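Reader: Walk me through this model, please. Keep it brisk and define terms as you go.

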Amino acid sequence: MGYDGLLLTLPKGIKWFVATFVLVLSIGFYTGLLFVSETSTASPHGIVENYLGNEEDEEAEVMKFKKGEREMLTIIHTHILSMSLIFFLLGGLVWLAKLSHKLKMFLTIEPFLSVILTFGGIYLMWSGLLWMKYVVILSGILMTLTFSVAALLVLYQLCKKTVTVN
């Protein structure tokens, strides 16, 4: 099946359609990161505080309470499902790009591992394994980097002139 480099051969209208999708997907992805930044969960202490609360800190500017099991399961469930779909769709586009097989494998498999490590790590941290906050940060950074590289590579190839295949 000749799918390697197919992005380069798409008609202009389909390239615009796919590029618009990737741009809107990226806006949604990075808006989620802004939310993480706003809730101060971009630091190890902030992650723990966001899920386990800060009730013992009498000088806290914003009082936070430990999330209940139902709320945690909802957060984990919705994020794993939605992030899986995001990375499945973007990964499909990566496989249509003209890239090395190893790079495609990394950019399409790694995000799924990071999703499990990030949100599974949040649940395990909430359950009492506080050292998982470091796994959550590292996997979240790696997930963001792979998303960014994949989206940029897809957009770059969509911007190239249409190639005719003989």
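Author: Start with axes: they are lines fitted to C-alpha atoms, for helices over the stretch in contact, and angles between N-to-C directions run from 0 to 180 degrees. Helices (H or I, at least four residues) and strands (E, at least two) are DSSP runs, numbered from the N terminus. The model is predicted: local features need pLDDT of at least 70, side-chain atom pairs count only at pLDDT 80 or more, and totals for chains, interfaces and linings use all residues. Residues are numbered from 1 along each chain as its sequence is written, and side-chain values use heavy atoms, with hydrogens and water left out.

Reader: What pattern does the protein follow along the sequence?
Author: The protein has six helices and zero strands. Its C-alpha atoms fill a box of roughly 70 × 25 × 25 Å along the principal axes. Along the sequence, the pattern reads α-α-α-α-α-α.

Reader: Are helix 3 and helix 5 roughly parallel or roughly perpendicular?
Author: Helix 3 covers residues 44-52, and its axis comes within 10 Å of that of helix 5, crossing at roughly 70 degrees. By convention, angles under 35 degrees are roughly parallel, over 145 roughly antiparallel, 65 to 115 roughly perpendicular and the rest oblique. Helix 3 and helix 5 are therefore roughly perpendicular.

Reader: How many charged residues are in the contact of helix 5 with helix 6?
Author: Helix 5 (residues 101-126) and helix 6 (residues 132-159) have axes 8 Å apart, at an angle of about 150 degrees. That makes the two roughly antiparallel. Their contact includes 18 nonpolar and six polar residues, and the number of charged ones is two.

Reader: How many nonpolar residues does the contact of helix 4 with helix 6 have?
Author: The axes of helix 4 and helix 6 lie 10 Å apart, at an angle of about 35 degrees. From helix 4 come Met83, Ile86, Phe87, Leu90, Leu93 and Val94, meeting Met143, Phe147, Ala150, Ala151 and Val154 of helix 6. No polar and no charged residues take part, and the nonpolar count is 11.

Reader: What is the volume of the largest cavity?
Author: On a 1 Å grid over the protein atoms alone, a cavity is a set of points where a 1.4 Å probe fits but cannot get out; a pocket is an open set with protein on both sides within 12 Å along at least five of seven lines; lining residues have an atom within 4 Å of a point. Points join across faces, edges and corners, and volume is the space filled by probe spheres set on them. The whole structure holds one cavity of 30 Å³ or more. The largest cavity has a volume of about 50 Å³.

Reader: Which helix gives the most to the lining of the largest cavity?
Author: The lining is Phe87, Leu90, Gly91, Val94, Leu107, Thr108, Pro111, Thr146, Phe147 and Ala150. Helix 4 (69-95), helix 5 and helix 6 each give two or more residues. Seven lining residues are nonpolar, three polar and none charged. With four residues, the top contributor is helix 4.

Reader: Which helix supplies the largest share of the lining of the second largest pocket?
Author: That pocket has a volume of about 180 Å³. Of its 11 lining residues, the closest to the centre are Lys12, Lys15, Trp16, Leu158 and Cys159. The lining divides into five nonpolar, two polar and four charged residues. Helix 2 (12-38) and helix 6 each supply at least two, and the largest share, six residues, comes from helix 2.

Definitions and conventions
Nonpolar A, V, L, I, M, F, W, Y, C, P; charged D, E, K, R; others polar. Contact = heavy atoms within 4.5 Å.
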